[in-house]
Structure formats: structure tokens, C-alpha cells
Amino acid sequence: MSLDVVILAAGQGTRMRSALPKVLHCVAGKSLLGHVIDAARALNPNSIQVVIGHGADLVRQRLAADDVNFVVQADQLGTGHAVAQAIPACSADNVLVLYGDVPLIQPETLEALLNKIDAKSMALLTTKLDDPSGYGRILRNAQNQVEAIVEHKDATDAERAVQEVNTGILAARREDMARWLSKLSNNNAQGEYYLTDIIAMAVQEGLTVATETVAKAMEVQGANDRVQLAELERFYQLEQALKLMVQGVTLLDPARIDVRGALTV
């Protein structure tokens, strides 16, 4: 099945307290968005659609490539609105939605997610957190089937107790995605068009929402401020250190290594 990848990278990232667009901040010497584009490339998609907004010209300048198409979201009206800007440029069978500030997502995880799509199923990536505050909760029925996602600000106390959360990463057939996006409403606490609302639409149409759960939550951690950026850097570097030691490299202190680019032993 053919694939188009849509990467959402239009946000300003005010909590970074920087004039630099959030997705251009770096982990291991590479921009957050650069990491995500590389993960998308590993899937050999028909196209990579990057939705840009804040700092659009600079993002385009830094990440320009023959296989990347930039789509401008002039007004940031939510994730659903952002994907809707890119859908007209998509022509493949399936669409995968990624986020430009989630740099550690692995191609293997995405391949496992994509394998769950068929004529009767869309696919959703989840993870489980000890403290899920701020994240959209996965709501399941008595048969453990996904029924909907409720955003934290819209959730009841009982729903906020759920530890399985939405990573935001999902995939579906293009024709289904386009239909659902056209039906989105901004009648919610934020006044935005939530991409997550398509989950309930899929269920209403009788589709199964197949889930893939990420074991390491840091793989789907976003960078909303410099604290989270530093956490991603340390996690990435420790992962590189562990891989090197498995290959026989002696590291007296794995916490004091900084790997950038590709390293072959």
C-alpha cells in the first residue's frame, strides 16, 4: 500500500522562550524536525508533507529537500485543521500523521503501526504514563475496544484517571481521513479542530481503531520547553551509549558521551 506522511510543524513553541521555531531546536546536533523527516524517509513514502506556520520561511530554508513538500497553515486552528491543509496534496492509499517536535520516533514502530491499517481499521499509537496529566486519554469499552479520545481539559475526573494516552500519531486510509476531517467541529474547551475527534467518527462508522503501544514513552515525547529538550538529549545519548557498549565499546561513564551523526564501530 502506498503512503503519504504528514508532519505537523506549524506551532510557535512559546515555552521555548526563543525566536527560533520550536522544530528547529536540536537533539544530537540535528533539528527536531530533521529527525522526524528522517524517520519518515525510512518508510519510503510517496511524499512527505510538512505543515508549517510560525517561522515558515526559516523552516523551509533549513529543511528544504527534493522529497519534502511544505504546506502553510496560516492560522493555527488545531491539529485537525493542520492535517486538512495537507490532505489535498496527498494521493497515496494511506496517510500517516507525525509531529515535528517528536524527534525520537522510530521507523520500526511506525511500520508496526502501518501494518494495522486495512479496509476496516485505522491505526493509533498509544503509550502508558504514570502521570498522564495534559495528555488525551484513550477511552475503551467493556470489550477493550477504543471508542474515543478525550482531551485532558475536556475529561471528567474518571477519564483523567486513565493512564493510556494518545501520542497524536495515527494512520488511516486517505479517503477515510479526508472524509472525517471535513466533518470536524471546534466545539470544545480550546475552540480548535482536534484531529483526535476522528477516532469517534471511525468508531461510529463501524471501523476498528487498532492500537500499537510504545513501550518507551520517551520515543513519543515531544519537546515543549528546554527542560523536555534536555531530557530528550540525555535519553538519546544514553541509547547511543548502550548500543555502543553492546558492540564492545568500553565507556567508563555512559552519561558522558555526545554522539552526533552516524558512528560505526
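How many of the 265 residues in the protein are buried? Buried residues make up 50% of them, where buried means under 20% relative accessible area, exposed means over 50%, and partly exposed is in between (1.4 Å probe, protein chains only).

## Before we start

This is a predicted model, in which local features need pLDDT of at least 70 and side-chain atom pairs count only at pLDDT 80 or more, while totals for chains, interfaces and linings use all residues. Residues are numbered from 1 along each chain as its sequence is written, and side-chain values use heavy atoms, with hydrogens and water left out.

## The whole protein

Let's begin with the big picture. The protein has eight helices and eleven strands; these are DSSP runs numbered from the N terminus, with helices being H or I of at least four residues and strands being E of at least two. Its C-alpha atoms fill a box of roughly 55 × 40 × 40 Å along the principal axes. The radius of gyration is 18 Å, which agrees with the value near 18 Å for a compact globule of 265 residues. That radius is taken over C-alpha atoms, and the globule rule is 2.2 Å times the number of residues to the power 0.38.

Now for contacts, which means heavy atoms within 4.5 Å. Take the contacts between residues at least 6 apart in sequence: 68% of them join residues at least 24 apart.

Helix 1 covers residues 32-41, and eight of its ten residues are buried, so it is largely enclosed by the rest of the structure. Among the buried ones are Leu33, Val36, Ile37 and Ala40.

Ser31 belongs to strand 3 (residues 30-31). With 11% relative accessibility, Ser31 counts as buried. A polar atom of the Ser31 side chain lies 2.8 Å from the backbone nitrogen of Gly34. Beyond its neighbours within four places in sequence, Ser31 is in contact with Val23, Leu24, His25, Cys26 and Leu63.

Which strand holds Leu98? Leu98 is in strand 6 (residues 94-99), and its relative accessibility of 0% makes it buried. Leaving out residues up to four places away in sequence, Leu98 touches several others, including Val5, Ile7, Val36, Ala40 and Ile169.

Not counting residues up to four places away in sequence, Asn166 touches, among others, Leu124, Tyr135, Ile149 and Thr196.

Two residues other than glycine have a positive phi. Arg17 has phi near 50 degrees and is found in the loop between strand 1 (3-9) and strand 2 (26-27). Ala28 has phi near 55 degrees and lies in the loop between strand 2 and strand 3. Are they buried or exposed? Arg17 is exposed, with a relative accessible area of 76%, whereas Ala28 is buried at 5%.

Asn115, in the loop between helix 4 (107-114) and strand 7 (121-128), is exposed at 68% relative accessibility. Over in helix 8 (residues 226-246) you'll find Arg234, which is partly exposed at 39%. Arg234 and Val27 are 207 residues apart along the chain, yet their C-alpha atoms are separated by 9.1 Å. Arg234 also touches Ala255 and Ile257, not counting residues up to four places away in sequence.

Methods. A polar contact is a pair of N or O atoms within 3.5 Å; within protein, one must be able to donate a hydrogen and the other to accept it, and residues adjacent in sequence count only if both atoms are side-chain atoms.
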